[in-house]
Amino acid sequence: ARARSRGAARGAEDHAGERGRLLHARPPRKAALCGQGQEPEEAGRDLRQRPHAARPPATHDRGHGIGRGDHDGGRVEALLLESNMIKRLKPHYNILLRDDKSFPYILLRRGHRWPQISKYRGAKSGQGDYFGPFASAGAVDLTINALQRAFPLRSCSDSVLESRTRPCLQHQIKRCTAPCVGRIGKADYDVLVEEARAFLAGRSRQVQRRLTDRMTAASDALEFETAAAYRDRIKALAHIQMRQGINLPSMGDADVVAIHDEAGQACVQVFFFRSGQNYGNRAFFPRHGADDTPEAILRAFIGQFYSGREAPPLVLVNRSLEEAPLLAEALTLKAGRRVKLHRPLRGAKRKLLEDAERNAREALARRLGESTAQRRLLESLAQRFELEGAPDRVEVYDNSHISGTDAVGSMIVAGPEGYIKSAYRKFTIRSTAACDPATPGDDYAMMREVLTRRFSRLIKEDPGRSGESWPDLVLIDGGAGQLGEARRVFADLGIADLAVAAIAKGPERNAGRERVFLPDRPPVALGARDPLLYFLQRLRDEAHRFAIGTHRAKRAKARVRSALDEIPGVGPRRKKALLHRFGSARGVSQAGLADLETVDGISSAVARAIHDHFRADR
């Protein structure tokens, strides 16, 4: 007995020592992970091996010392840390999911007398019910549009709700019950809110049955207009369910994740099911190495995909993952409830996985076809422009303004895989030379400022051009003048080996007769049916679209600005008080000092500042 006791004690000590080694091996923070002088690439290689390094020996007896959960806890934490650090550091040699966007939700707000239904994207910090995620913002807009026909709740902001004096257009087209002017009582509005919440939570049959009973009762009572209103609401609900395609009431909350790999690339298709309803799907193309297996890609994808969002109770996958239990435990730890990782072999769920895998296969085929065509065009561009090789990064610059006002510059980026929208940049024109009233709309000065700011920063951040931010070709929307400005900027910055070209429309700005300007060469006119001409036109038009959109957004923001916004010390509350008192900014500008001092929240010093602001130029 004493021998057995001594053996058990030694076993407990061995396990305690093993636990200590595991705890010390666990990296407590980012600095310890990378180490002194360690590059992110090296950290990436360490991260890939870390969960295996923390695996406890299989020879330990579970009956003594610490249990299995202690060891698995270390492995789970290491797995979560691996996914987070790969997304943060983006090291080479690692499978990387390039997805920084959050998914949109439908938010049914609480905490207000008249709850609001709206689209929401971001952290779930507000008070209300969140339904989603949806695969795209367009899917949310379509669903809300149909929901408002079935449940006419308000979608306006609180400020609009409080300032209305008559019903808006939404009420006229029967998509709002106009609580702003008292067209509906609180009790009836709350019934609509509860019905909308029940429908979005998956209890659609109960809601439809209730509406059908009301329609029948209204029809029996000869209230045909009321019955017609219920009929229209039932049709709207049926329309929502039709748009959601495949619906499985028994599915509950689940994500269907399927991978397909071909020609050294992989596509992961994710379907979102909430309360048995299909909320859409999205395709992802993670970056990975040539030797990575589909199972390794899928494992890394799941870890990174759910590192920034909560996993549903069920995640269906189309591959058998070696560390599925560990991965499920990591998702459970992060979600705060049980998450199951499952690969069904038969039944309706298996059919869903087959549909998702087919979607992944078709999406990858389209991407490979587009990539092949894009590479062929880039090779043709290199040959025609006499470049050293096909460019991997093409930057296109344009600017937009109206006679120098609200001037902005834009940069779009294209590569072998198409447009790289995460690399797009906007530039607000700051220099007085570009916006000089004497020479309004100086395109040359604007282009000079945009290029100077862009490449000055590049030289500062990556002087050795070791990263992927330096372009292989700079394309300017303009003619010989814009090309000359670009060359002068590069000469001033000491950049001598960067290919640059400009594309200008033909006579009378006739599309199809463009000319390409190259340094120290006569202009090149491409054939009207040349595929390279269409490619350059698409690049130029994308830069133009991005610049125009940025300019319009800036101009629209300037339109709603008030003269009161320019006065220091006058914020939203004081501005509101002044407008209530004097009716308009013009009324405030004409008010005397004594009148300004009588406004609530306006001190003598602020009144003096307002008074002097409007009389400074007189």
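The lining of the second largest pocket has 10 nonpolar, five polar and 11 charged residues. Here Asp, Glu, Lys and Arg count as charged; Ala, Val, Leu, Ile, Met, Phe, Trp, Tyr, Cys and Pro as nonpolar; the others, Gly among them, as polar. This is a predicted model, where local features need pLDDT of at least 70 and side-chain atom pairs pLDDT 80 or more, while totals for linings use all residues. Residues are numbered from 1 along each chain, and side-chain values use heavy atoms, without hydrogens or water.

What is a pocket? On a 1 Å grid over the protein atoms alone, a pocket is an open set of points where a 1.4 Å probe fits, with protein on both sides within 12 Å along at least five of seven lines; lining residues have an atom within 4 Å of a point. The second largest pocket has 26 such residues, and P152, K174, A229, Y230 and R233 lie nearest its centre. Two elements, α8 (186-200) and α10 (224-243), each give two or more residues to this lining. The most come from α10, with 10 residues.

Now follow α8. Buried residues (under 20% relative accessible area, 1.4 Å probe, protein chains only) in α8 include Y189, L192 and F199. Just after α8, G202 takes a positive phi of about 105°.

E514 is buried, with a relative accessible area of 2%.

Definitions and conventions:
Helix = DSSP H or I, 4+ residues; strand = E, 2+ residues; numbered from the N terminus. Buried < 20%, exposed > 50% of the residue type's maximum accessible area, 1.4 Å probe, protein only.
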